[in-house]
Amino acid sequence: MEIAASLFHHFSSNNLFRINKSHSADEEPPYNFRHVLDFTEQDELFKETINKQTNSRSKDNPEATLDALMQVASCENELGWNPSNTTRRIVLIATDAPFHIAGEGRFGGIVHPNDAKCHLSERRNGSREYSGLEQDYPTVNQVYQKLRESRIQPIFAVSHYERKTFKELANIWKDLGATYEELNEDSNNIIELIEKSYKVLCIKELFSLLVFLKS
């Protein structure tokens, strides 16, 4: 319980992000990316905000994961990131679906390439959104460069069905400190995965420091 509480407090000090899921008649309409809570140390507010979230579905299976990561990394001031030289910046991506890639926007008539900038709307009903209707999805390399620039380490907690895709992505981004872990079907091991990935990140940083001191 101490680990769970500690980890939850750690994540309650971070933002809560949502990326597009899927849609049915009794769920809210689909969206691309929504930012619903700024950085906070208020555990109860964090839990309350999570519990209020509902599913949203779209007609295809892939999600706007790269769009979400681009906005998370590009909107430092808007989201209230602490300075990167005083904070370990971690983003948890929990998903059971693949991601849209650059070029797929053309199927919807979107021809402008992604500009790798922040495009969050003004706050409405407590949240800010990125519609994704003005430009294409970013490339994997664009997101990598922006995460590197913002010094953000992604943790991928992914279902069994998408393990290959995200394991390969984590490997491509390994110099960012990216890690990959597999979620159980009911996601009941997510705290365990966060703890494990966080320890891996700390060990990697310690090893890098020791190598630097040795050299």
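Modeller: The side chains of Glu181 and Lys196 meet in a salt bridge, at 3.5 Å from N to O. This is a predicted model, in which local features need pLDDT of at least 70 and side-chain atom pairs count only at pLDDT 80 or more, while totals for chains, interfaces and linings use all residues. Residues are numbered from 1 along each chain as its sequence is written, and side-chain values use heavy atoms, with hydrogens and water left out.

Colleague: Why is the pair of Glu181 and Lys196 called a salt bridge?

Modeller: The term requires a side-chain nitrogen of Lys or Arg within 4 Å of a carboxyl oxygen of Asp or Glu. The N to O value for Glu181 and Lys196 is 3.5 Å, so the pair meets the definition.

Colleague: What makes Glu181 buried or exposed?

Modeller: Buried means under 20% relative accessible area, exposed over 50%, and partly exposed in between (1.4 Å probe, protein chains only). Glu181 has 14%, and is therefore buried. Lys196 has 45%, and is therefore partly exposed.

Colleague: Why is the contact between the side chains of Asp115 and His119 called polar?

Modeller: A polar contact is a pair of N or O atoms within 3.5 Å; within protein, one must be able to donate a hydrogen and the other to accept it, and residues adjacent in sequence count only if both atoms are side-chain atoms. The side chains of Asp115 and His119 make such a contact at 2.9 Å. Asp115 has a relative accessible area of 32%, so this residue is partly exposed.
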